[in-house]
Amino acid sequence: MTLGMIILGRQGSGKGTQAVRIAERFGIIHISTGDMLRAAVEEGTELGLKAKSIMDAGELVTDDVINGIVEERLKKEDVLHSGFLLDGYPRTVGQATELKKLAAENLKLAINLEVSIEEVTQRMLSRGRQDDTPEAIARRLELYEAETSPLIEWFDKENILCVINGSGTENEVYERVISEIEKSI
Ligand code: AMP
């Protein structure tokens, strides 16, 4: 059995930055579905061509497509050997249900990094990513509340939810996350 975790949090909550550090700390593989999709866009693959306009609009790629990508990734040798931290997945109840099947007992913890809507909006406007237009930001936050926030209760029912206050400096949040993970695993 390996160590599997997911990290939830609004876009701009700092979850990507924390995910890289957490994965390194525990020697597990960081899997960001957003990074995988951006790489596909860069490479101009069929997936990338389909995903680009969806991402630019702040919409979600369909569950079928993203579930397929994650399933492939979780089967790779490095993940089977070292475990994983999923960042940006799952984002819908349909994806969480699929992950439960895929990861089974390897999924030990769901971290929810809590940062207010006001604070994440400010952070996103200042990071200047291509899909960080005011319209796309608003749409992503709306979809997060509608599609992703129900997962907090979903993972609570699975008894693996761990809620962390995500405001403060990167190091403060990191220390908080690490101490909570160590208590839980
Ligand atoms: P992120 O870097 O996680 O903010 O992801 C960037 C964009 O990729 C999102 O706005 C979505 O369009 C798409 N995306 C990433 N992960 C998922 C997912 N699990 N389900 C659907 N769309 C996703």
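A salt bridge is a side-chain nitrogen of Lys or Arg within 4 Å of a carboxyl oxygen of Asp or Glu. By this rule the count comes to 20 salt bridges. One of them joins the side chains of K101 and E98, with an N to O distance of 3.7 Å. K101 and E98 both belong to helix α6 (residues 93-103) and stand three residues apart, about one turn of the helix.

This is a predicted model, in which local features need pLDDT of at least 70 and side-chain atom pairs count only at pLDDT 80 or more, while totals for chains, interfaces and linings use all residues. Residues are numbered from 1 along each chain as its sequence is written, and side-chain values use heavy atoms, with hydrogens and water left out.

Helices (H or I, at least four residues) and strands (E, at least two) are DSSP runs, numbered from the N terminus.

The ligand is surrounded by 16 residues, of which T33, R38, E59, G88 and R91 are the closest; a residue is near a molecule if one of its heavy atoms lies within 4 Å of it. Helix α2 (residues 33-43) gives the most to this shell, with four residues. By class, the shell has six nonpolar, five polar and five charged residues.

| Residue | Protein atom | Ligand atom | Distance |
|---|---|---|---|
| G88 | backbone N or O | nitrogen | 2.9 Å |
| Q95 | polar side-chain atom | nitrogen | 3.0 Å |
| R129 | polar side-chain atom | oxygen | 3.5 Å |

On its own the ligand has 480 Å² of accessible area, and the protein covers 97% of that; accessible areas come from the Shrake-Rupley method with a 1.4 Å probe.

Two backbone features remain. Y89 and P90 are joined by a cis peptide bond, with omega about 0 degrees. P90 is found in the loop between β3 (84-87) and α6. A104, a residue other than glycine, has a positive phi near 45 degrees. A104 is placed in the loop between α6 and β4 (107-114).

How values were computed. A polar contact is a pair of N or O atoms within 3.5 Å; within protein, one must be able to donate a hydrogen and the other to accept it, and residues adjacent in sequence count only if both atoms are side-chain atoms. Ala, Val, Leu, Ile, Met, Phe, Trp, Tyr, Cys and Pro count as nonpolar, Asp, Glu, Lys and Arg as charged, and the others, Gly among them, as polar.
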